[in-house]
Amino acid sequence: MIFETLATTGHEEVVFCHNKDAGLKAIIAIHNTVLGPSLGGLRMWPYKSEQEAIDDVLRLSRGMTYKNAVAGLNLGGGKAVIIGDPARDKSEALFRAFGRFVNSLNGRYITAEDVSIDVNDMEWVFRETSFVTGVHQVHGGSGDPSPFTAFGAMQGLLATLHACYGNE
């Protein structure tokens, strides 16, 4: 059924990442690389099932294709999820193992922060691959992107309110 799903959603590649010693269970989904390498965040979530994780990463990676295209970026869409509880399961070994999987894709996927992931987690990924954004500025990264995300969300909300209510 997974190949049928990939065919209907247009995904180019899905990588299942497992490292027992590090406790890593992750999925990297590359939806589209027509405009450039796929870019999308890494989220860590305590999914109830592996199927739930697959459904989420496929949905999110497809959305990143459109988001990057609308933003005018020369990037395709991808996304990654780590199955685990971010309050309990984060470790240097886990993120470094994930970084090695990202590196094995030779630039087809560039990872970044998303839900339950922070700059410090990205630093561990960065130790294994250069195909990562959101690292500390001392390493040439942009640092924590959440203030920019929050600003963009607020601008969208204000534009929506203005469209609905005008100058009332």
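In which handedness of crossing does α1 pass α2? The crossing of α1 past α2 is right-handed. This report works through that helix pair and several other parts of the structure. The model is a predicted one.

## Helices α1 and α2

Two packed helices are described by the angle between their axes and the distance between the axes. Here the helices are α1, residues 2-9, and α2, residues 50-70. They pack at an angle of about 15°, and their axes are 12 Å apart. Angles under 35 degrees count as roughly parallel, so α1 is roughly parallel to α2.

Which residues meet where these helices pack? From α1 come I2, T5, L6 and T9. From α2 come I54, L58 and R62. An α-helix has 3.6 residues a turn, so residues three or four places apart point the same way.

## T9 in α1

T9 belongs to helix α1. Is T9 buried or exposed? Its relative accessible area is 18%. Buried means under 20%, so T9 is buried.

The T9 side chain reaches back to the backbone oxygen of T5, at 2.9 Å. Leaving aside residues up to four places away in sequence, T9 touches H31 and R62. R62 is one of the α2 residues that meet α1.

Strand β1 covers residues 13-19, and strand β2 covers residues 24-32. The two strands pair in the antiparallel sense. Seven bridges join them.

How many residues lie between β1 and β2 in the hairpin? There are four. G23 sits in the turn, with a positive phi of about 75°.

## W45 in β3

W45 lies in strand β3. With a relative accessible area of 41%, W45 is partly exposed.

What does W45 touch, apart from residues up to four places away in sequence? Its contacts are I82, I83, G84, V115 and S116. W45 and I117 are 72 residues apart in sequence. In space, their C-alpha atoms are 9.8 Å apart.

Most residues other than glycine have a negative phi, and most peptide bonds are trans. Two residues here deserve a look against that background.

N106 is not a glycine, yet its phi is positive, about 55°. N106 is found in the loop between α3 and β5. Its relative accessibility is 65%, so N106 counts as exposed.

S116 is also a residue other than glycine, with a positive phi near 70°. Where is S116? The loop between β5 and α4 holds S116. With 28% relative accessibility, S116 counts as partly exposed. S116 is also among the residues that W45 touches.

## Helix α4 and its cap

Helix α4 runs over residues 119-126. Which of its residues are buried? They are V119, D121, M122, E123 and V125. The cover over these buried residues includes β3 (38-45), α3 (92-104) and β5 (109-113).

D118 caps the N-terminal end of α4. A side-chain oxygen of D118 lies 3.0 Å from the backbone nitrogen of N120.

Notes
Residues numbered from 1 in each chain as written. Predicted model: local features only at pLDDT ≥ 70, side-chain atom pairs only at ≥ 80, totals over all residues. Heavy atoms only, no water. Buried < 20%, exposed > 50% of the residue type's maximum accessible area, 1.4 Å probe, protein only. Contact = heavy atoms within 4.5 Å. Polar contact = N/O pair within 3.5 Å; in protein donor to acceptor, adjacent residues only side chain to side chain. Pairing = 2+ DSSP bridges. Axes fitted to C-alpha atoms, helices over the stretch in contact; angles between N-to-C directions. Parallel < 35°, antiparallel > 145°, perpendicular 65-115°, else oblique. Left-handed = near helix turned anticlockwise from the far one by under 90°.
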